[in-house]
Amino acid sequence: MAERNLAVPSRDGTVLRVNVYRPAEPGKYPVIMSAHPYGKDYLPKPTRRGYRPFPNLRILPQSEPFSFSAWTGWEAPDPAHWVPRGYVVVNADLRGWGTAEGTGQLLARDEGSDYHDLIEWAAAQSWSTGKVGLSGVSYLALSQWAAAATHPPHLAAISPWEGFTDFYRDVAMPGGVRENGLMIVWTKGTARTRSDSNVDLRKEQLVRPLFDEWWADRNRDIEKITVPLLVCGSFSDHNLHSRGSFEGFRRAASTQKWLYTHRGPKWSVYYSADALAEQDRFFDHFLKEKDNGQDTLAPVRLEIRKDADTITSVRREQEWPPAGTEWPRLHLRQDGSFADQPESAAATSSFHTRRRGLRYRHRFATDTEVVGPMRLLLPVEVAHCDDVNIFAGVRKISDGKSVAFENGYGFRGSLVTNGMRKASHHLRDSDGKPRDDAAESLAPGQVVQLEIELLPSATLFEAGDELELEIAGRWFYARNPLTGQFPSYYEKSPRGRCVVHLGPGHDAYLEVPVQGRGR
C-alpha cells in the first residue's frame with residue numbers, strides 16, 4: 001500500500017512531505033525512514049521496455065550489477081525489500097526540497113530538528129509500533145547523523161551507509177586543498193532540483209580557505225549520537241565519504257555500534273544480498289526485538305581485496321583498525337627505495353609542482369595484509385613559489401604493473417589510498433595535530449614538516465608485490481569523464497619546485513598498518 005505526499009508539520013509550522021509504503025495487512029509495523037534533498041518523487045521512470053535507471057547511474061556506472069524496485073528513491077531503501085519483511089518505509093523531503101515547504105539548503109543547521117519531527121510523526125501513526133530506524137546512502141546518511149544527534153525519543157537505530165561527517169576535511173578542503181570537481185557538480189546539480197533553493201556551498205568554499213564557524217556549522221554533532229549504529233565505511237569512496245564514515249564510527253558515543261567495510265561500488269553493495277542481510281539482522285534486532293545474535297556479533301565486518309575484483313578475506317574483528325595491527329615506518333631514501341632506518345647523511349630530492357613527482361618502492365617478502373589508515377611525515381621546502389599542494393598516493397605493483405582498485409563515482413583505475421596537504425597548513429595545535437584554521441606561507445629556504453593522513457584501505461600484498469608511494473604537486477588523474485576520475489579533481493599547486501629533505505633532523509617516512517609481522 002502506497003500513500004504519497006502526506007503532509008508532516010515541523011515544530012515551526014513548515015510543512016514537510018513524505019511518501020509511505022506499508023504492508024497491505026492492517027497492523028502496526030516498525031518504520032524504516034530516509035530523508036534528503038533529492039526529492040522523494042525522484043524515482044525510476046516507466047518506459048515501454050520497463051523502467052529507465054536514474055541518469056546518475058549512466059554518468060557514474062557501477063561495476064557490479066544490482067537491482068531495486070520502481071518505488072525506490074535515489075540512494076534510499078527499497079520498499080520492495082522491506083515492506084514484505086514487515087516494515088513501513090517512509091521517504092521524506094527535507095525542508096525546501098521536493099514538495100516540502102521552505103527554502104532548501106544543503107547541510108542546513110535545522111536539518112536535524114526537522115528529521116527529528118519526521119521521526120516522531122512516523123512513530124505516532126496508527127500503522128507504527130513506535131520504533132523508527134533510519135537508512136540510506138550518502139546524503140541520506142548525512143541526514144541520519146544530524147537527526148540522531150538530536151535524540152528523538154522513538155529513534156531505535158540508524159544505518160548511515162557511507163556518509164561524511166566533516167564537510168571541510170572529508171570533502172571540500174581535505175588537508176586545506178580545495179576540491180574543484182564534485183563541489184561544482186553537486187551544488188549546481190542539486191540547486192536545479194528546486195529553483196528557489198539557496199545552495200551557495202561552492203561560493204563559500206572559494207572565499208573560506210580556512211576552517212571556521214561556517215564550516216563547523218555544517219558538521220554533525222557525532223559525539224552526541226548514542227543510538228545503536230550500523231555504519232558502512234568503504235575503501236572505495238576515498239574522495240567523498242570514506243574518511244567521514246570511519247570517523248563517525250569512531251566518534252559516536254553509541255555503546256552498540258557496528259562497522260561494515262567493503263571495496264565495491266557503493267550502490268551495488270548497498271542493495272546486495274550480503275549487505276541487506278546485515279541490515280536485516282540489525283534492524284530486526286533493534287526494531288523488532290528479535291534475538292538473532294546481533295548483540296553478540298563482533299563489531300567490524302572486514303573485507304580485504306588483492307585487486308578491484310578479488311576478495312581474499314571477509315572476517316569479523318573486534319575493533320578498527322584490527323587488534324594486533326603493527327605500524328612499521330618505511331623511511332624514504334634518495335634512491336627511491338624505503339628502508340628501516342633514515343638516511344645517515346643529509347640529502348634532498350625535488351620535483352616540479354605541475355609535473356611528475358617522486359616515487360618510492362617497498363617489496364614485500366611475505367604475503368602481507370595492509371589494513372587501516374597510513375600516515376606520511378614529509379619535510380618539504382619550496383622554490384620559486386611560497387606554497388605547494390602535496391598529493392601522496394599509494395599504488396600496488398604486481399609483476400611490474402599497477403593494480404587497479406575501485407573508487408568513488410564508478411572509477412576503476414584507483415590507487416590503494418591517497419592523502420593530501422597544503423604546505424601552508426603546516427602549523428600544529430597544542431596537541432601536535434595539524435591545524436586547518438590557520439595557515440602560513442613558506443619563506444625562501446624554510447623547511448616545514450607536513451603530516452599527511454592517507455585514507456583507510458584493506459589490501460593484500462602478496463610476496464613479491466610492491467608498495468609504491470608517489471609524492472606530487474598535482475592530482476593524479478584528469479577531471480574529464482573519459483580518461484579521468486570525473487567529477488573528482490583538486491586545485492593545482494603554484495608553479496615552482498618542491499624539495500623533500502631526508503637524513504638527520506628530518507623525519508621522512510610512511511607509516512604502514514600491517515597485520516602481524518608481515519613485511
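Predicted model: local features only at pLDDT ≥ 70, side-chain atom pairs only at ≥ 80, totals over all residues.
Let me begin with a definition: a residue counts as buried when its relative accessible area is under 20%, as exposed when that area is over 50%, and as partly exposed in between, with a 1.4 Å probe and protein chains only. By that rule D170, at 5% relative accessibility, counts as buried.

Residues are numbered from 1 along each chain as its sequence is written, and side-chain values use heavy atoms, with hydrogens and water left out.

Which residues of α9 are buried? They are S242, R243, G244, S245, F246, E247, G248 and F249. That is eight of the 10 residues in the helix, which spans residues 242–251, so α9 is largely enclosed by the rest of the structure. If we ask what its buried residues pack against, the partners are the helices α4 (139–148) and α5 (167–172), together with β9 (229–234), β10 (257–262), β11 (300–305) and β24 (448–461).

Two of these partners return when we turn to salt bridges, each of which is a side-chain nitrogen of Lys or Arg within 4 Å of a carboxyl oxygen of Asp or Glu. D170 forms one with R243, and their closest N and O atoms are 2.7 Å apart. Because D170 lies in helix α5 and R243 in helix α9, this pair ties together parts that are 73 residues apart in sequence. R243 is itself buried, with a relative accessible area of 17%.

The side chain of R243 also meets that of E453 in a salt bridge, at 3.2 Å from N to O. Here E453 lies in strand β24, so the pair with R243 in helix α9 ties together parts that are 210 residues apart in sequence. E453 counts as partly exposed, at 41% relative accessibility.

Elsewhere, salt bridges that share partners join R359, R361, R363, R395, E466, E468 and E470 into one network. To put these examples in context, a search of the whole structure finds 50 salt bridges.

Key:
Helix = DSSP H or I, 4+ residues; strand = E, 2+ residues; numbered from the N terminus. Contact = heavy atoms within 4.5 Å.
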